[in-house]
4 protein chains.
Amino acid sequence: MLFLAQPHGQAQHNIEQYAKLGTKIVDLAADFRLRDAAFYEKWYGEKHAAPEWLSKFVYGLPELHRAEIAGASYISGVGCNATASNLALLPLVKADLIDLTSPVIIEIKVGSSEGGAEGNSGSMHSERANVIRTFSAFGHRHTAEVIQEMGVKDVSLTMTAVDLVRGVLATAHAKAKPGVATKDLWKAYRAVANENPFVRVVKEQRGIYRVPEPKILAGSNYADLGFELDESNGHIVSMCAIDNLMKGASGSAVQCMNLMMGWDETLGLEFAGLHPI
Amino acid sequence: MLFLAQPHGQAQHNIEQYAKLGTKIVDLAADFRLRDAAFYEKWYGEKHAAPEWLSKFVYGLPELHRAEIAGASYISGVGCNATASNLALLPLVKADLIDLTSPVIIEIKVGSSEGGAEGNSGSMHSERANVIRTFSAFGHRHTAEVIQEMGVKDVSLTMTAVDLVRGVLATAHAKAKPGVATKDLWKAYRAVANENPFVRVVKEQRGIYRVPEPKILAGSNYADLGFELDESNGHIVSMCAIDNLMKGASGSAVQCMNLMMGWDETLGLEFAGLHPI
Amino acid sequence: MLFLAQPHGQAQHNIEQYAKLGTKIVDLAADFRLRDAAFYEKWYGEKHAAPEWLSKFVYGLPELHRAEIAGASYISGVGCNATASNLALLPLVKADLIDLTSPVIIEIKVGSSEGGAEGNSGSMHSERANVIRTFSAFGHRHTAEVIQEMGVKDVSLTMTAVDLVRGVLATAHAKAKPGVATKDLWKAYRAVANENPFVRVVKEQRGIYRVPEPKILAGSNYADLGFELDESNGHIVSMCAIDNLMKGASGSAVQCMNLMMGWDETLGLEFAGLHPI
Amino acid sequence: MLFLAQPHGQAQHNIEQYAKLGTKIVDLAADFRLRDAAFYEKWYGEKHAAPEWLSKFVYGLPELHRAEIAGASYISGVGCNATASNLALLPLVKADLIDLTSPVIIEIKVGSSEGGAEGNSGSMHSERANVIRTFSAFGHRHTAEVIQEMGVKDVSLTMTAVDLVRGVLATAHAKAKPGVATKDLWKAYRAVANENPFVRVVKEQRGIYRVPEPKILAGSNYADLGFELDESNGHIVSMCAIDNLMKGASGSAVQCMNLMMGWDETLGLEFAGLHPI
């Protein structure tokens, strides 16, 4: 079992060599997330160095590809923002509840740990504390993973950095198909939660934590989902909260390893989250 | 000159009495923000106590009603989230650039000072620090001010609390009318900035502060506007950042006073903002 | 096994009744921390309601009373600030390295979770964020636990709230006895770490985390100790970092339970801490 | 009027050249803060490049040298931590209230803006948020300025970084001379406040802000002083809070300029501070 945790763009140049090691591979970078070479080139602005390998990889989000992952040799990692977005959309797409001819807008708020271990002038505490800083209005590369995996053509991810270290909240705005009611949404979300050990539905009437929120997920591999339907206009707000340092990439990678090895999917990922932080 | 800074719902019961004082009034609560009694009842869930007074008030956002304010006796305050939303939409609506038959989605991120001076269990530091907490998916009362002032029928405000004290960022997502190009947006935003001393356009190619961000507005009365147009699908992202303790309500109220008294509109509001905080 | 987690002052009125339940008791409040009724009265400003019970309790810090705790029926909880202070002093006192005729000054910086679950105006996020707020220059009640347990007569605890949720850093300033050298301190600190599963010495030459710091202890039961000796004047700076929601009180209580029940002392307390938060 | 705002160590190599410009100079670096070349070498670890210039400079803290500054041509800047320490000690030293044969211990908590505009791995938000990080137990270079200006021989500064951007709180622990009472301290602090436009005494019985705290000083040039005397043992705790980006260095430099030019000392420095942040 080989985990590749390199900067983006390296694995595609060495994948032949890694594969000769005769082992299963999980690549945490973005090299093999997209299935189509032209689509890759569009979003990453360069030709893929090993396009023949793209079809050999399975996109490593168990909630989308559990069965395939269990039988696969090569797994791509997943983008943290893509994961929050895909899981926010999953119940809606799976149950065919939204009108995919209308735009889907996903607003994503993220903590500073998304920025990685190397700093720059914008990541210094004095400049990064107390921010509400939109660093990508649309066009973020993780968008490609949402288009590919959810089959939505008109989707935008807007990325805003806020003042916390760990955590992502993706809020997806979509148009319900005619006739869709709150009970349909409940059914769809519950179904996804029932099939996936790390998905929970958070939708409370009272208390501080009524909707998904990363604050209670620090250190955990859970993806908390929630939703609201404005019945006056069919506007659906679907939320997904994760700890980007867990479910965002590395937690999902461990989950994939567990599936590939035939182990319990939750092995090593049982931590419930630390609260308060 | 009388400033009413009472909890919502009190001024409408005493307005006759206040008016007898024979002075100009700025009411900072929400009592007189809406022009229509039925519309008020719909959003506030109760009959208005002085509906005949609604038409006597001018909505106190100088960027929308400067001339009227200058000649008015009664001015309503403005909601901080409504202000950020209205100013994010103003250039688009004024220049007629967006398709108002499509939904307008406004995502608003806010600091803790919006919560007022009285705390609750959710406002305690240990529960309020490090949050990305969506407290209203839609239906926030400030929405009514956006509908009234911008003439948009299908608009949603989604409110998310993040970890800072002062600051609001409203991000409006709207559909451009066919043929609208980036240069049209530039023209519209510049026009609004040119006409209003506290509106600036922030749209930089490099540096940390390329788009509107409340971090650099602490203590100032500026509303910073920015925008992006996705020419592939006509998706416009329009941002407005303010310090909610200034331009959000009290700063605009002082600005109104200046206009009503015939003083320089910027009097007492020149502070440029403190950075870094 | 009964854990009493009541507000201070209640257990002393009901201890007879609780004891009749015939079980071992760990009281997490301050009712039975002090051994002497007059000393209690001095620090708590009221007569103790069950003074005859004071001698039946063992002070529940395993690093000080492991053997007694293992054989005891009644264990008091420990103050979080007292724990950080006592552990900062422990190697120095145990190895007899400091001059106890000189004042010992302990500066303690604490997070907001020390304030408990009920808020007040000072604990609201808008007033509690970005603080460096000294709420007790001296005279904090936890001081009594340091005097009692460490045998220091002239000791002051200065308490300052800073902006984080979990964590305490106690910095003790003391005078070395003549002839004490850095190697003596190393020996004393290592000895304490060797004897105690939750005590570590943190003293690095490079890297970000060279001295004890709560940031890396979130969720863990470790007490990290570090020190510096100014050989020019015999000034010792001894630091202890803990997560107050773990080792501060509840973690130590679980540790006591483990000892009382004959279980592995570290049972249920193995979490290494979450980083970064 | 020339302000030198260079990295430390440059001005001493070029001072002859700067002086030929025939103007008054304020050097914000540490090059000319110390009066004695040997003392400089001890604290800075290198010979001074222009030792004959040391005596020509006046230490630029108006609260200590107002009259000299008014008549001087060359003014050194001041260290932010030295300033908070010197002002915390000033009333005590000036009124001769503390025993200078006993050690003076100063605990200083600082925000991230002290780290300057260039970041490193420790200043990244993900590593710098939520810290209580002691980066100097003793031996910080600013100590030299406290020794020189206050005449204390046995003084230690312990530096701890906490999670805010702007602000310093210095807490000085000293031994009162026999017979010193609280009223003597009041008198000494009031005298210093009366003589200095930017010094205030903060010592309240109730409310959130009872002692000096940087939270209310953001953007202001005030130094807030407070104190407590433990009459049982003569332990004095003296606090000084400043905004390090104002009174810490640049604010004091402007204050010096005002004095040197014969202008009102408070010119351009009247901002009262922004609250809450």
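Colleague: Which residue is the bridge partner of Asp230(D) in β11(D)?

Modeller: His235(D) is the bridge partner of Asp230(D) there. One thing to keep in mind as we go is that this is a predicted model.

Colleague: Thanks! How many bridges join β10(D) to β11(D), and do the strands run parallel or antiparallel?

Modeller: There are 7 bridges between β10(D) and strand β11 of chain D, residues 235–242, and the two run antiparallel. Their hairpin has 4 residues between the strands, and Gly234(D) takes a positive phi near 75° in it.

Colleague: Which strand joins β10(D) in the parallel sense?

Modeller: That is strand β9 of chain D, residues 199–201, joined to β10(D) by 3 bridges. If you want a pair to look for, Val201(D) stands opposite Leu225(D) of β10(D).

Colleague: Let's hop to chain A. What is the strand order in the open sheet of 4 strands?

Modeller: The order is β1-β2-β4-β3, and the pairing is parallel. β1 (2–4) and β3 (57–59) of chain A are at the edges with a single partner strand each, so one side of each has no neighbour in the sheet. From one strand to the next, the twist averages 25°.

Colleague: How many bridges does β3(A) share with β4(A)?

Modeller: β3(A) pairs with strand β4 of chain A, residues 74–76, over 3 bridges in the parallel sense. Within that pair, Phe57(A) stands opposite Tyr74(A).

Colleague: Which helix packs on that sheet?

Modeller: Helix α9 of chain A, residues 250–260, packs on it and touches β1, β2 (25–27) and β4 of chain A. The direction of α9(A) makes about 165° with that of β2(A).

Colleague: Zooming out a bit, what domains is chain A divided into?

Modeller: Domain 1 takes in 2–78 + 249–260, while domain 2 is 80–242. Their C-alpha centres lie 23 Å apart. The contact between them takes 16 residues from domain 1 of chain A and 14 residues from domain 2 of chain A.

Colleague: Which helices each supply at least two residues on the domain 1 side?

Modeller: Those are α2 (37–44), α4 (62–71) and α9 of chain A, on the side of domain 1 that touches domain 2. By class, that side has 10 nonpolar, 3 polar and 3 charged residues.

Colleague: OK, helix pairs next. At what angle do α5(A) and α8(A) pack?

Modeller: Helix α5 (residues 80–94) and helix α8 (residues 182–195) of chain A pack at about 115°, and their axes are 8 Å apart. The crossing is right-handed.

Colleague: Which residues make that contact?

Modeller: From α5(A) you have Leu90(A), Pro91(A), Leu92(A) and Lys94(A), and from α8(A) there are Ala188(A), Tyr189(A), Ala191(A) and Val192(A). They divide into 7 nonpolar, no polar and 1 charged.

Colleague: Over in chain B, at what angle do α4(B) and α7(B) pack?

Modeller: Helix α4 of chain B, residues 80–94, packs with helix α7 of chain B, residues 182–195, at an angle of about 115°, and the axes are 8 Å apart. The crossing of α4(B) and α7(B) is right-handed.

Colleague: Now chain C. Is helix α8(C) mostly covered or mostly uncovered?

Modeller: Helix α8 of chain C, residues 250–260, is mostly covered, with 9 of its 11 residues buried. Among the buried ones are Cys256(C), Met257(C) and Leu259(C).

Colleague: What do the buried residues of α8(C) pack against?

Modeller: They pack against β1 (2–4), β2 (25–27), α3 (62–71), β4 (74–76) and α4 (80–94) of chain C. Just after α8(C), Gly262(C) takes a positive phi of about 75°.

Colleague: Last topic, chain contacts. How many residues do chain A and chain B put into theirs?

Modeller: Chain A gives 39 residues and chain B gives 39 residues. On the chain A side, the largest share is 4 residues, from β7(A). By class, that side has 16 nonpolar, 13 polar and 10 charged residues.

Methods
Residues are numbered from 1 along each chain as its sequence is written. Chains are lettered from A and ligands numbered from 1 in the order in which they are written. This is a predicted model: local features need pLDDT of at least 70, side-chain atom pairs count only at pLDDT 80 or more; totals for chains, interfaces and linings use all residues. Two strands pair if DSSP finds at least two bridges between them. Axes are lines fitted to C-alpha atoms, for helices over the stretch in contact, and angles run from 0 to 180 degrees between N-to-C directions. Two residues are in contact if their C-beta atoms, placed from the backbone, lie within 7 Å. Domain bounds come from an automatic or database domain assignment. Ala, Val, Leu, Ile, Met, Phe, Trp, Tyr, Cys and Pro count as nonpolar, Asp, Glu, Lys and Arg as charged, and the others, Gly among them, as polar. A crossing is left-handed if the near helix is turned anticlockwise from the far one by less than a right angle, and right-handed if clockwise. A residue is buried if 20 or more other C-beta atoms lie within 10 Å of its own, exposed if 12 or fewer, and partly exposed in between; C-beta atoms are placed from the backbone.
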